[in-house]
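Visitor: I'd like to learn how to read a model like this one. Could you walk me through it?

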Amino acid sequence: MSTAAFDPTAPLTPSGNLRRRRAVSRVAEYGATGAALFAVAVLGAVIYTVLSRGAGALSFDFLFSGTPTGIGPAILGTVMIVVAATVIAMPLGVLVALFVTEFAGERVTAASRLTLDLLNGLPSIIIGLFVFALLVEFKTQSGFACSVGLAIIMLPLVARGTQEVLLLVPGNLREAADALGVSRWRAVLTVILPSAMGGILTATVLAVARAAGETAPPLLLSSVFSGKEAIFNFFGEAVPNIPVTIFTLSEEGSPDGFTRAWGASLVLISFILFASLGARAMHARSLRKMSS
Amino acid sequence: MSAATGSRWLRRAPGRARPGERRKRFDRIADGALFGICALAALLSAAVIVAIGYQVIHGAAPAISKFGLSFIYETTWQPNFGVFGAGSLLFGTLVSSLVALAIGAPIAISIGLYLSLLAPAGVRGVIGPLVEMLAAIPSVILGFWGILILAPFVQGTLEPWLHDTFGFIPIFGAPETTGASIFTASLILTIMVVPIVASISRDLFLAVPREVQDGASALGATRWEVVRGVVLPSTASGVVAASLLGLGRALGEAIAVTQVIGAGAAINASLFKTGDTLASRIASQFPGAITQLHIASLYYLGVILLVIGLISNLAAQWIGRRFDYRRLAR
């Protein structure tokens, strides 16, 4: 699109630069395709390394027994921490989304959106510092503190996801409920939330996948382990977890530790990839259901 | 599912044709309660942000009163002597993130263009999710991969080549003996920034009205000229906002950077030297910090990080709002 002055009297002959413009366009196309392939290649390289190096470490013993041979307690601990974080974050996130879509006016909606965006953009290490000052300083590290930190990370993800799907709930469902004289809370609990359930679960699973891999909060909040086997005092002591296990092993620098770290990475990454793939499939299904 | 809900409702309807007085009152209370709970949750989420700001500043108070604002540019960091300064960390943070953005943004925008304009529908459905999956890899695993796979490659191949070819520019200095360097950290950050910027810019490009692009093509523009003349100008501020969001992500990344940056103390012109960032210094020293001043100084780093992060996020919001792409679609 040249911006040269248009001369209607100019003869309509192909100027010599058409070939050049075509070539530039072709190069740009190849560049864009190459960039996409490059990103996929990097993903492939990371996953291939984790698979090929981690597969050797996997064994029944590795998955279920305690340190030093296995990561059983870390798996159990991560599950506990993430479940507790979900229990905190999911209801809160859904309520925030309900507030924004069902009750708030335009300005409150904008303010709430900004809040969630800022919360989402906070570095996780800052959240770790915050919860440390709130729950750990002058006390002890605990799995619960770690759950609170992860819940703060999950909250905006759940709230935004829920908000989007609540906006997709067909307007005529709401109108039908109003026309029948149904009060607001009944409409929300029996019509709106059930039809948005698929989307809410999708958002929650995605948030879980994100939280499970977060390392900065657990590193500050739940990283000094007593070395006990599997009975944790969830509120009073640090609970072993996979991200911190990988981090410490990777900093130690022993080949044997590296192997175990790859194994732990494989466990973590397969959980996360399956969770996000599952969430994606669920999302597609609930979209289809809602549009039909 | 929606139909089923509807019919269940119809069956119940006769029962509630004449709702009792008690029920009405109960409904009113329950409505109020639902509103109250929801409003409380929304308030709580806002309160969390305020509380985070307060707690981090409160934790930093001893260091703030001891060092004042000179903490921000002083470069000495010696926990054993109780002397702390964030200068070199601030430098490392900005350099590593900006380099990551300089490499990542063009790649990410190209990916966005490919996914929105070039790729056939089937390929789009595969590559799009794969690129987003890159964002799902936990940073600790990316950092671990960075130490063992990327760093040796960078140190053995990439850095010597760059040094030999562009060595006359001071930022491409001689490689270190280990692969840990600001450059390696930037590459890891690039991997984190790309999926964020790519998915936002893809959505932006998809919202550019079809007719305008077709109009440009009809005037004889090549595909690149359509992108250059129509797509990019009409989405420019959105793309800038997306890049700022990516920058915010890179600034705040702690774990992966700690693993690959090598915890250097000095400010070097060369990207191939070790360095450190605000977030990574917190992650590497906080668990072992004992003295009150040391902890407070780490909190002070948090304050600086919080301020930079908020600025980049708010700037992204502000620029993004000036350009609302839904306006274009209408």
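Guide: Let's take confidence, a helix, a serine and the cysteines in turn. This is a predicted model, where local features need pLDDT of at least 70, side-chain atom pairs count only at pLDDT 80 or more, and totals for chains, interfaces and linings use all residues. Residues are numbered from 1 along each chain as its sequence is written, chains are lettered from A and ligands numbered from 1 in the order in which they are written, and side-chain values use heavy atoms, leaving out hydrogens and water.

Visitor: What pLDDT does chain B average?

Guide: pLDDT is the predictor's confidence in each residue, from 0 to 100. Chain B averages 84, and 92% of its residues score at least 70. Residues 1-10 of chain B fall below 50, with 10 contacts (heavy atoms within 4.5 Å) beyond near neighbours in sequence.

Visitor: Where is the kink in helix 8 of chain B centred?

Guide: Helices are DSSP runs (H or I, at least four residues), numbered from the N terminus. A bend is the angle between axes fitted to the seven residues ending at a residue and the seven starting there. Here the kink is about 65°, centred on B:Ala236.

Visitor: Is B:Ser280 buried or exposed?

Guide: Buried means under 20% relative accessible area, exposed over 50%, partly exposed in between (1.4 Å probe, protein chains only). B:Ser280 is buried at 1%. This serine sits in helix 10 (residues 278-285) of chain B, and its contacts beyond four places in sequence include B:Ala254 and B:Ile261.

Visitor: How many disulfides are there over all chains?

Guide: A disulfide is a pair of cysteine sulfur atoms within 2.5 Å. The structure has 0. As for individual cysteines, A:Cys146 is buried at 1% relative accessible area, and B:Cys38 is buried at 0%.

Technical notes: Helices (H or I, at least four residues) and strands (E, at least two) are DSSP runs, numbered from the N terminus.
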